[in-house]
Each structure stands twice: as C-alpha cells, then as structure tokens.
Amino acid sequence: MTMSAQPLAFAALKSGLVPLQVAPRLASWMAADHPDQAKVEEFLAHAVHLVGADLAQLPDPLALRLDVGLPSKVELLNEHDLDNYLFPLAMRLSLSSGRQFATAWATKERAETSFIGVGQAVRVAPAPPSGDWIRVRTTASSGSSAYKQQIHDQLQGVEALPAGPVSLELSFTVGPTRNWLNLWKPTIDALDSILGASKPGLQWHPRDGRIVELGLHRHVDPTLGNDVSIALSATHR
C-alpha cells in the first residue's frame, strides 16, 4: 500500500440528467427466464432509449451517472449496493454504443424519482496533500479470491471508517485489453477492513450498502499488462 496525490479522476456529471420512468434494477444472477432478469432488461432497454442517442454523439472521454431514488421505507445503508446498479447499466450502454466509459458515478437516497445522464467526462484538478489516496496493486485474476486477498493484505493498517454513510471513489489503471467493469465488485468486496464486515467471520462481505456515493474511474496504461493499479478514497459522509 502506498499513499499518493489524487490519481486520474473525473467529476460527477452535474447537468443533463433525465428522470427515469422505469426504476433502476440491481444486477441479477438468476436464470435468464427468471422474473428478476425481465425487470433488469426492462430497465436497461429504457436507459438505452433515454441516453443512447446522446451517447453516440458525445466526444471522448465518456461519463455516466445514475441517481437511484429509493422508497422511504428502505433502509438506505443496508443492501441496494450502488455497484450492482451501475454494472449492468454500464455494460449494456457500452455494448450498445461500442464505447467505454472513462468514469461512472452513482448515488442513492430516499426519493420518488431516479435520474440518469451521460456526458463528456471532465478531469478533476489534483487535490492538495490532505486529499491523499490509498494505492494498491494486483496481479491476480479478478475472478479469483487471490485478487481480493491481495487488496485486503495491502490495506492492513488502514483505519476503518466510523458508522454511517460513505462516499467511495476507485480509480483503476489497467492495460488496454482489460474489461474494467469486471473489477468493480471484487475490489469493493475486498474493502471490509475499511467499510466493516456485514457477516463477521465471513470474508468478502463488506458493509458496502453504506456507500451512498460511488465514483469509478478508468485510465489505460499499456505497460501494465494484466496487472491492475487501484487508487481509492473512502470518506465518511
């Protein structure tokens, strides 16, 4: 683990957001004919309908934002993980457009309406020394437990955040052939030492429902090969 000044990062979109008429859906790993999959498909088709034309015309780099409005009865900091909303959305929009996002943001709050937006990504100016990020590096496949273990081991000594909502940013530096979307979930799964464990004694189950703002960034470095360099910034809201 090393500390560093702010890596490549982009600002969250502030304008051009449009209301969704279909509620955002969490990624589903059920069979293709399961009702959950039909609901996810309905949401993704609606999202493409709303922003697909804009996405085709925007110059690089590209930014995505999803603001998830949840019912008042929902426990905001329990489940409803933002990466599980973002992943199928970013995947579908990338496949439909043939283009990669440089940054993807999501928020959640109790609200009646959810919003989506795409735009040109705007680089954030480097933060002062007080804005140091934590940097780790992985060499293992993201589909293996070794990937999570490498991140977990490099975070030893990092102070856990106090209880309550969290803002998390992850900046991934990857080789040109790496699908960075597949890095989101296993990376967050490895952050139990920072977020706390939702199931004590069971690895890779952090309290990631606490994350109410999530920013994900991508930078390509051809010299990295299959390695992944990750900079993270987690703050109590």
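Biologist: Which residues have the most contacts inside the largest nonpolar core?

Modeller: In this predicted model, the largest nonpolar core has 56 residues, and those with the most contacts inside it are Leu64, Leu66, Leu86, Leu89, Leu155, Phe172 and Trp184. Apart from that core lies another one, made of six residues, including Leu8, Phe10, Ala102 and Ala121.

Biologist: Let's take Phe172, then; what is Phe172 in contact with, leaving aside its neighbours within four places in sequence?

Modeller: With those neighbours left aside, Phe172 is in contact with a list of residues that includes Tyr147, Trp180, Leu183, Trp184 and Thr187, and the list also has Leu216, His217, Arg218, His219, Val228, Ser229 and Ile230 in it.

Biologist: Are Phe172 and Trp180 buried or exposed?

Modeller: Both Phe172 and Trp180 are buried, and Trp184 is buried as well.

Biologist: Changing topic to pockets: what volume does the largest pocket have?

Modeller: The largest pocket has a volume of about 460 Å³. It is lined by 20 residues, and the closest to its centre are Glu79, Asp81, Ser198, Pro206 and Asp208.

Biologist: How many residues of each class are in that lining?

Modeller: By class, the lining of the largest pocket is made up of eight charged, six polar and six nonpolar residues.

Biologist: What about the second largest pocket, and which residues lie nearest its centre?

Modeller: The second largest pocket holds about 250 Å³ of space, and of the 16 residues that line it, Pro24, Arg25, Leu26, His80 and Tyr85 lie nearest its centre. The elements giving two or more residues to this lining are the helix α1 (35-57) and the strand β3 (62-70).

Biologist: And what is the make-up of that lining by class?

Modeller: In the second largest pocket, the lining has nine nonpolar residues, with four polar and three charged ones beside them in the count.

Key
Residues are numbered from 1 along each chain as its sequence is written. This is a predicted model: local features need pLDDT of at least 70, side-chain atom pairs count only at pLDDT 80 or more; totals for chains, interfaces and linings use all residues. Side-chain values use heavy atoms; hydrogens and water are left out. Buried means under 20% relative accessible area, exposed over 50%, partly exposed in between (1.4 Å probe, protein chains only). A nonpolar core is a set of buried Ala, Val, Leu, Ile, Met, Phe, Trp, Tyr and Cys residues joined through side-chain atoms within 4.5 Å. Contact means heavy atoms within 4.5 Å. On a 1 Å grid over the protein atoms alone, a cavity is a set of points where a 1.4 Å probe fits but cannot get out, and a pocket is an open set with protein on both sides within 12 Å along at least five of seven lines; lining residues have an atom within 4 Å of a point. Grid points are joined across faces, edges and corners, and a volume is the space filled by probe spheres set on the points. Ala, Val, Leu, Ile, Met, Phe, Trp, Tyr, Cys and Pro count as nonpolar, Asp, Glu, Lys and Arg as charged, and the others, Gly among them, as polar. Helices (H or I, at least four residues) and strands (E, at least two) are DSSP runs, numbered from the N terminus.
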